[in-house]
Structure formats: C-alpha cells, structure tokens
Amino acid sequence: MTFQNNTAYAAQLDQNDSLKEFRNEFYIPKFEGNECIYFCGNSLGLQPKITEQYIREELEDWKKLGVKGHFHAKRPWFSYHHLFKSSLAKLVGALPEEVTPMNSLTTNLQLLLTSFYRPTATRYKILVEEGAFPSDYYTVASQANLHGYSAEQAIVELKPKPNNHTLTTQDILHTIEQLGDAVALILLPGVQYYTGQLFDMHKITEVGKKVGAVVGFDLAHAAGNVPLKLHDWGVDFAAWCSYKYLNSGPGATGALFVHQNHDPKQHKLNGWWGTDENTRFFMKKEFEPMKGADAWQLSNKNVLSLAAQLASLSIFDRAGIQNLRNKSIQLTDYLIFIVNEINKSLSIEIQIITPRNLDERGAQLSLIIPDQLGKTVFEALSRQHVVVDWREPDVIRMAPVPLYNTFMDVFRFGQILHQTLDKNIENLKQTTKT
Ligand SMILES: *Cc1c(COP(=O)(O)O)cnc(C)c1O
C-alpha cells in the first residue's frame, strides 16, 4: 500500500475505516479545550462511555439490595466472573474454563509461578529476557529465592545481539534448546513493553515444551492488542492486566489463563473462591476445586472494578479482535510511513526500534530520536497535547490504538513532530555555534 502525507488522504483513510464509529464510544481527554492526540493506550487505555453505567448499576444494586446482591443483583456478584468467560476466551484464544478475571498482573504471576515453577535438583533454570519489566523480574527472582536459589543461580536472561534492541526468534529457540533439560520454566512477554516486539509465542511454546519446560506468557501488552491462540499453541499459563489495551481503568482487575491440560488439584495457593461453588457455603475444610482456571481464584471479586472490565469487553465483542488487528496494522504502517517521510527532510534520522515485520509488532512503535534530543522532543510534544510516553534511557513509546485512534491522529502527530524537530535541530546548532 502506498500512503500519502496529507490531510485529505488521512481523512479518506478515516472515512473508509469500518471501525471508525468506535472512537465516539470513548472519552478523549481535552487539554485547554482541545482533544489531545492520545497514543498512550498501551499504558492506560481511555475510558469507554458505557463504563460509568456498568459501575453505577452495581452501586445501585448494592444500595438497594445490600448483601442480597450476591445472589439477586441484576448481575449476581457470586457468579459475576462467569460473565467474562466467553469474551476473555475469544480475546486470548482459550476455552471458557481456561480463563478467569482476578487480582492484578503481578499477583497473578506470583500465584501462577507458585504452581508452575517446580524446580528439581537438576532442572531449576528460569528463562526470561534481559529487558524484562522489573515486576516480572522481581517475580521470578523471588520465586527462585523461595526455592532456595539465588536469582543468579536460577535466572537465565535472553540478550539481543550487540547493537540490536530486539531478540530474534531463532536466538530464543536456540537458547531454549541449549538449556534443554536444565530449564524448568520460561516466562516471556507476548509483546515487549519497551520495544513493542511481538514474540512468536507459538514456536516458543512448541520448543519450550519439547525440552520439557513449562511455558508462560505475560500478556500485559498483548491482550486486546493482537489476536492470540493460547489453547491451540499449548501455552501452559498466562496473565495480563486490563488497564492497558483493555481500557478497564487504573489498577483494574486483571485476568489469567491456565491450559485445560493442568489439573486444578495441583500444587497451588488456595482460597475459598477456588472451591466448588455448589458446596462453597458449606464451609468445609476439604478443598474441592472449581473446574479450570477458576480453581486458582482466592477471594471473592472486586465487582466495582470488574464492572469496568465487563463494559470494556462488550466493546471488544462487538468490534472483534481480528478486525481491530487489521486496522491496527494499517494504522501502525501509516505511522511508520509518516516517520520515514519526516526522516527524508531532516538532517537526523529517527530510529524505530520496533521490528518492521508486521508479524513481530503490535500497535506500539518505539522511537529513538538521536543526539539526545528524545527527552526535549517528548516534552515539546506534551506541551502540544500529544500524549506519548517516555521510557528511560532514550525511548518514546507510542501506540495508535485501533478502537479510538484515527489516521488523522497519526498525520497530525507527524506535522507536530516535524515542526518540533525542525525547531530543536536549529536550537541545537545555535547552541553548538556559541
Ligand atoms: C504493565 C506491566 C506490569 C504491571 O504490573 P501490575 O501488577 O499490573 O502493576 C507488569 N509487567 C509488565 C510486562 C507490564 O507491562
């Protein structure tokens, strides 16, 4: 597809977009009266307009029914999580019984690793990536510690080749094969938070399981961003948060996946919400697990937070993750085109560290502006109401989100970035002269 860098063309792409109506279902933040250009849906997704209604309904039922709401609310709180099964299953490619919404991401990772990291004297390595999100690293390190290993003993880190920002699938698979029966568990992201790289979860799972490892994914940046097939790929477990692409609000309840192959009676930390719901209120000492992922539940649910997630998932149900992905590819391609256009007219080159191959990226692009201009440019963009985010040491992350971002957003961003760079390069030259 050949793109054009002008307003009329961007407007035409928006006109032809079959998902264009969805933007109206979100609140776009305004600064000084103007809608911002919001590219931070990978960090905190925007608020759907229906969210308020979903939460208000639960407040109303609580107001009117008190404790009776557990069984008599419009959506009874006792079984509230059942309402998520079909939407979550579609979103991540799972069977309904393999998914459940609960807790937050790091908590779920800790719980899942308690089940799935079962080291032996010879097989105790955990494979992660060098650039792992700190919370994920703390999780694997603390799990290693609980089993008497230091982080250095247990953790193996995948590193990109020198002068590269991203890993190659080949290198990942090679490392797994080399570790062989020493590796107990593999924990990798679906989409890397810093570089935006989309990993080949299918191949990684296949090779990981061939060497006898348990394979899990952190889907913080993948859920709601790219279609997934966790069940078919044979992934053992996964967890994600729902405040990023899933637009469920700050600190929202997350969700997890446990493959059908895993026995819910296995080693894990138990709580009453994991017991069979038919006998839960008999208050027995015996733990009779729920079927599937629900057995991993500990506590009764934060219904007010889940109400926001339910509202948001209803939008994903209507839009369809594959349709969103199709638009997302086009939006991100357009952004790459716009960045390349800017590069043609500048004396510096903006570097895109996210892989160009569309099978290796989701909605996010990570840019490096050379000559240490990144932070200055980021601040200048913020002043002009372009919301992107800055990640130390030198990356600007931006995610054109297909539910509410437009081709015009991308075009206007390009205009603002171009002007900003023109100005800053001039300033820089003057500073060097004096
Ligand atoms: C956003 C994110 C987290 C955040 O963890 P919480 O427990 O939800 O605070 C963890 N890991 C990764 C990879 C993330 O992107």
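A polar contact is a pair of N or O atoms within 3.5 Å. The model discussed here is predicted.

Q: At what distance does a nitrogen atom of the ligand lie from an N or O atom in the side chain of D218?
A: A polar contact requires N or O atoms within 3.5 Å. The pair formed by a nitrogen atom of the ligand and an N or O atom in the side chain of D218 is separated by 3.3 Å.

Q: How much of the ligand's accessible area does the protein cover?
A: On its own, the ligand has 390 Å² of accessible area. Of this area, the protein covers 82%.

Q: Which residue has a polar side-chain atom 2.6 Å from an oxygen atom of the ligand?
A: The surroundings of the ligand include D218, H221 and Y243. For H221, an N or O atom of the side chain is 3.0 Å from an oxygen atom of the ligand. The distance of 2.6 Å belongs to Y243.

Q: How many residues of the shell around the ligand are charged?
A: Among the residues surrounding the ligand are L105, T106, F133, D136 and K244. The shell divides into four nonpolar and two polar residues, and the charged ones number three.

Q: Why is one side of β4 and of β6 left without a neighbour in the sheet?
A: These strands belong to an open sheet of seven strands with mixed pairing, ordered β4-β10-β9-β8-β7-β5-β6. β4 (99-101) and β6 (155-158) stand at the edges, so one side of each lacks a neighbour because each has a single partner strand.

Q: Which residue of β10 stands opposite A239?
A: Strand β9 (residues 237-240) pairs with strand β10 (residues 255-258) in the antiparallel sense, over four bridges. The residue of β10 opposite A239 is L256.

Q: At about what angle to β8 does helix α9 run?
A: Helix α9 (residues 201-210) lies across two strands, β7 (183-189) and β8 (214-218). Its direction relative to β8 is about 155 degrees.

Q: Which residue in β12 is the bridge partner of I352?
A: Four strands in the order β11-β12-β15-β14 form an open antiparallel sheet. Within this sheet, β11 is joined to β12 (residues 365-368) by two bridges. The partner of I352 is L367.

Q: What angle does the direction of helix α13 make with that of β14?
A: Helix α12 (residues 321-344) lies across β11, β12 and β15 (395-398), at about 15 degrees to β12. Helix α13 (residues 374-383) also packs on the sheet, where it touches β14 and β15. The angle between the directions of α13 and β14 is about 160 degrees.

Note on methods. Residues numbered from 1 in each chain as written. Predicted model: local features only at pLDDT ≥ 70, side-chain atom pairs only at ≥ 80, totals over all residues. Heavy atoms only, no water. Near = heavy atom within 4 Å. Polar contact = N/O pair within 3.5 Å; in protein donor to acceptor, adjacent residues only side chain to side chain. Areas by Shrake-Rupley, 256 points an atom, 1.4 Å probe, with all protein chains shown as cover. Nonpolar A, V, L, I, M, F, W, Y, C, P; charged D, E, K, R; others polar. Pairing = 2+ DSSP bridges. Contact = heavy atoms within 4.5 Å. Axes fitted to C-alpha atoms, helices over the stretch in contact; angles between N-to-C directions.
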